[in-house]
Every structure is written in C-alpha cells, then in structure tokens.
Amino acid sequence: MHWEWLGRAPYGETLARMRARREEVIAGRAPDVLWLCEHGPVVTLGKGAVAGDVLLAPELLAARGIELHRVERGGKATYHGPGQLVGYPIAHVGGGGVGVARFVARLGEALAAWCRARGADARFDLRCTGVFCPGGKIAALGIHVRRGVAMHGFALNLDLDLDRVAGPWGTIVPCGDATRAVTSLAAETGRPAPAPGEAAPSLAEAVSGALRRSA
C-alpha cells in the first residue's frame, strides 16, 4: 500500500481531504493509501460519544487551543496532539469474508507488534478496540466503512502530555472509560520515543503489510 507523510496537518483540512479521497477510491479513480500525520490539539467524537464524554464546554476547549470535531468513525471521544502519530488507511476492507472486525484486528495487531519491537509490552484487545500496555491504552482505533472502503484509523501515543488533570487528556473521558489510564511509548519504555515523522516509515511498513494480508 502506498503511504504518505502529511507532516503537522490541520485536523479539519485533513478530514475534508480524507472524505474526498475515499470517494475517489470508491469510484476507482484513486488507489488505496495510508496517510500518516501529526495533528495540533483536537478532540474528536465518534458515533458512540455522549455529552458527558467531553468535560469542558467548546468555548473552554477553544480557550485552551483545542479544536472539537464530531466525526463518523466508530468509538467515543479521543484526543490528538503533538507527539502522537495518527494514521488514516483509506482502503478497501477486503473480500473473501474478511469483514470489518478482521480489518481492525489486523491494524491493531500491527500497531502492537510495532510497539513490542521497541520495548513496550503491548497487546491488541478487539473487545475494547485498542492497544494496551501495563500502564494503559497506548493506541486508539476507530474506522468508518462505506461501500467497502474504510477511512479514519488509529492514533498511537509516542511521547505526549499524559496528565489526566491539567493536561489535554483531562478534557475528555478517553474512549468513554474514566477508569483506564492512557500511556505512551516513552512512558512504557522509560526512553525517548521517536518523533512522529521519524516513526512513520517503519510503522507504515508494518501497517501496510498487515492490511495487505487482510485483503
């Protein structure tokens, strides 16, 4: 699968591009692609999000420099920000009875394997649709499929502010679960994590290989 590094990309602009690209893929005018990027601070709300998942009013989020977007992906509330590698596979889910669940599982298993190769004890859990380490959730996943083509994807925490009180994760109930901690590659290994742009090539290889197997 072809992949592209988009750099630090504004969320709203990337969302519009992603929706347009999926229409091109559905129509057969563009190939499957994996976009990797980093976003500025933004909270996104999936289809399962409820009012209590966001702990601050939109104007208070904006005052802290955090955007708010409701989107069509599955799942609840999550946060994107600097130090997190975000991936958007705009791709056919696959034939042969593979289905959406297996597509998501392949994606999550690839993320977990990538983290384990870098010293984190990471495991994918399909029931909670995420990748987990002893210290908490290190990657969130959520996709939306239309006419057999997925978009949205995953967010992998490399090295970012994990403070659940004063930090950005304190503005939401992550994935609707107030009891589960959020962690990062740096926190799990006790070593500096690569920047998103540095991690992108190896993660793209892992994810692309896994999704090719799901076709």
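Two strands are taken to pair if DSSP finds at least two bridges between them. Helices (H or I, at least four residues) and strands (E, at least two) are DSSP runs, numbered from the N terminus. The model on display is predicted, so local features need pLDDT of at least 70 and side-chain atom pairs count only at pLDDT 80 or more, while totals for chains, interfaces and linings use all residues. Residues are numbered from 1 along each chain as its sequence is written, and side-chain values use heavy atoms, with hydrogens and water left out.

**Stop 1**

Select Val-42 and Glu-67. In β4, Glu-67 is the bridge partner of Val-42.

**Stop 2: the aromatic pair**

Next, select Tyr-79 and Trp-169. The whole structure holds 1 aromatic pair. Tyr-79 and Trp-169 form this pair, with 5.4 Å centre to centre and 70° between the planes, which is edge-to-face. (Rings of Phe, Tyr and Trp, the last by its six-membered ring, pair if their centres lie within 6.5 Å; planes under 30 degrees apart count as stacked, over 60 as edge-to-face and the rest as tilted.) Tyr-79 lies in strand β5 and Trp-169 in the loop between β10 and α4 (185–189), 90 residues apart, so that the pair links distant parts of the chain. Tyr-79 is buried at a relative accessible area of 5%, and Trp-169 is buried at 3%. Buried means under 20% relative accessible area, exposed over 50%, and partly exposed in between (1.4 Å probe, protein chains only).

**Stop 3: the sheet of seven strands**

Now display the other open sheet, whose 7 strands follow the order β1-β2-β6-β10-β9-β8-β7 with mixed pairing. Its edge strands are β1 (2–8) and β7 (123–125), each pairing on one side only. Within it, β6 (residues 84–92) and β10 (residues 149–157) pair in the antiparallel sense over 6 bridges. Select Gly-87 to find one of these positions: its bridge partner in β10 is Phe-154.

**Stop 4: helix α1**

Select residues 11–26. Helix α1 lies across β1, β2 (33–38), β6, β9 (136–146) and β10, at about 145° to β10. Which residues of α1 are buried? They are Tyr-11, Thr-14, Leu-15, Met-18, Arg-21, Arg-22, Val-25 and Ile-26. Seen down the axis, the buried residues of α1 fall within an arc of 135°, so they line one face of the helix; the arc is that of the directions from the helix axis to the C-beta atoms. Just after α1, Gly-28 takes a positive phi of about 80°.

**Stop 5: helix α3**

Finally, select residues 99–116. Helix α3 packs on the sheet, touching β6, β7, β8 (130–133), β9 and β10, and its direction makes about 150° with that of β9. Among its buried residues are Phe-103, Leu-107, Leu-111 and Trp-114.

Methods
Contact = heavy atoms within 4.5 Å. Axes fitted to C-alpha atoms, helices over the stretch in contact; angles between N-to-C directions.
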